[in-house]
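Here are my notes on the ligand site, the cavities and pockets, and a few backbone details. Please read them beside the sequence and the model.

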Amino acid sequence: MLFPDYRPRRTRLHPALRRMVRETRLHPDNLILPLFAIGGKGVKNPIQSMPGHYQLSLDYLGETVRQAFELGIPAIILFGIPETKDPLAKAAYAPDGIVQQAVKAVKDNVPEILVITDVCLCAYTDHGHCGVVDGQMIANDASLELLARTAVSHAAAGADMVAPSDMMDGRVGAIRQALDEAGHENLPIMSYAAKYCSSYYGPFRQAADSAPRFGDRRTYQMDPANAREAVREVMLDVEEGADVVMVKPALAYLDIIYRIKEQCDLPLAAYNVSGEFAMIKAAARMGWIDETGVMMETLTAIKRAGANMILTYFAMEAARLLNQ
Ligand code: PBG
Ligand code: ZN
């Protein structure tokens, strides 16, 4: 049927009918709030390029998580800023490391919220790479043991899910095996399965102090030009035991989200990363875009593409809006 018999505008005219024909609905349950934990007391260091986000000491962290929980956000993901860095990232798997302490603090304050921990070494190595270094090379197999040790220490501290973001080959399998051996066979793994070597991570690296001191991450993170390879990376992680797979970043990779949704039936997460957040904040501050509109359109698009979990620095603002 064509015009004038068919008029697509008919279902757009009444606000109620617009709601009824809406295909995608964002819900606070779709949101995961990233948080940065740092040592000390009463510390709330603003992150310049991420307005509204801070490096938080444990006292403030508890408070923020309580707010998130009250807004209906079901989960947070924790990143740590350690006191010391060294070639072997010892602070990443120290039993009293910053993330391990943060997990306990959050669990004490808000036991109901799901606590996810980012498992990587880059904030803990003095060279800033996601694995250990051998000369100029990022050593894959030697990194696996330390990543697994980190995941197990997060689990021991009480984490509800671990999320390896390092992009070393075989890390999901190594972490799964280590968790099982330590008696954490019920702890799920959310794998950063298709993680691209992206310039959109800039603000995060400031926030987590995790920029590489030499070279870049191109030998382990994916080439932004590749799509079929993302499917292969995801399938490998599924084989190795991932329970949730993630695409990262989200906005410039909606086609990847869609492809993974089509080809993999595991729950799918997408990371609306720091640079995506910063661009919207910056343009809004200039008065060039409507922040609320662009935020909701962006998050809806990520869900429409196929993600059912969205890691986003907008989690609190979006949940507040969705609750109105
Ligand atoms: C650490 C990690 C990064 C992000 C999440 N975990 C940075 C990176 O890989 O360089 C990026 C998150 C963001 O930009 O919001 N491996
Ligand atoms: Zn890393």
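1. Helices (H or I, at least four residues) and strands (E, at least two) are taken here as DSSP runs, numbered from the N terminus. This is a predicted model, in which local features need pLDDT of at least 70 and side-chain atom pairs count only at pLDDT 80 or more, while totals for chains, interfaces and linings use all residues. Residues are numbered from 1 along each chain as its sequence is written, chains are lettered from A and ligands numbered from 1 in the order in which they are written, and side-chain values use heavy atoms, with hydrogens and water left out.

2. On a 1 Å grid over the protein atoms alone, a cavity is a set of points where a 1.4 Å probe fits but cannot get out, whereas a pocket is an open set with protein on both sides within 12 Å along at least five of seven lines; lining residues have an atom within 4 Å of a point. Grid points are joined across faces, edges and corners, and a volume is the space filled by probe spheres set on the points. By this rule there is one cavity of 30 Å³ or more, and the largest cavity has a volume of about 230 Å³. Its lining comprises 22 residues, of which F79, D118, C122, F204 and S210 are the closest to the centre. Two or more lining residues come from each of β4 (75–81), β9 and α6, and α6 gives the largest share, three residues.

3. Where does ligand 1 sit? Ligand 1 is placed in the largest cavity, the criterion being that more than half of its atoms lie within 2 Å of the grid points. Around ligand 1 there are 19 residues (a heavy atom within 4 Å), and among these K195, R205, K248, S274 and Y313 come nearest. The shell divides into 11 nonpolar, three polar and five charged residues, where Ala, Val, Leu, Ile, Met, Phe, Trp, Tyr, Cys and Pro count as nonpolar, Asp, Glu, Lys and Arg as charged, and the others, Gly among them, as polar.

4. Polar contacts, meaning pairs of N or O atoms within 3.5 Å, deserve a look in this site. A polar side-chain atom of R205 lies 2.6 Å from an oxygen atom of ligand 1, and one of Q221 lies 2.9 Å from an oxygen atom of the ligand. For K248, a side-chain N or O atom is 3.4 Å from a nitrogen atom of ligand 1. Taken alone, ligand 1 exposes 410 Å², of which the protein buries 99%, with areas from the Shrake-Rupley method and a 1.4 Å probe. The elements β9 (190–195) and α6 (202–208) each give two or more residues to the shell.

5. The largest pocket holds about 300 Å³ of space. It is lined by 20 residues, with G52, Y54, T64, Q67 and M316 nearest its centre; β1 (31–38), β3 (54–56), α2 (58–70), α9 (274–285) and α11 (315–322) each supply at least two residues of that lining. The second largest pocket has a volume of about 210 Å³, and E83, D96, G97, I98 and Q101 lie nearest its centre among 15 lining residues.

6. A cis peptide bond joins F3 and P4, with omega about 5°, and P4 belongs to the segment before α1 (15–20). Another cis peptide bond joins K248 and P249, with omega about -10°; P249 lies in the loop between β10 (244–248) and α8 (254–263). M167, a residue other than glycine, has a positive phi near 70° and lies in the loop between β8 (161–164) and α5 (171–181).

Notes:
Polar contact = N/O pair within 3.5 Å; in protein donor to acceptor, adjacent residues only side chain to side chain.
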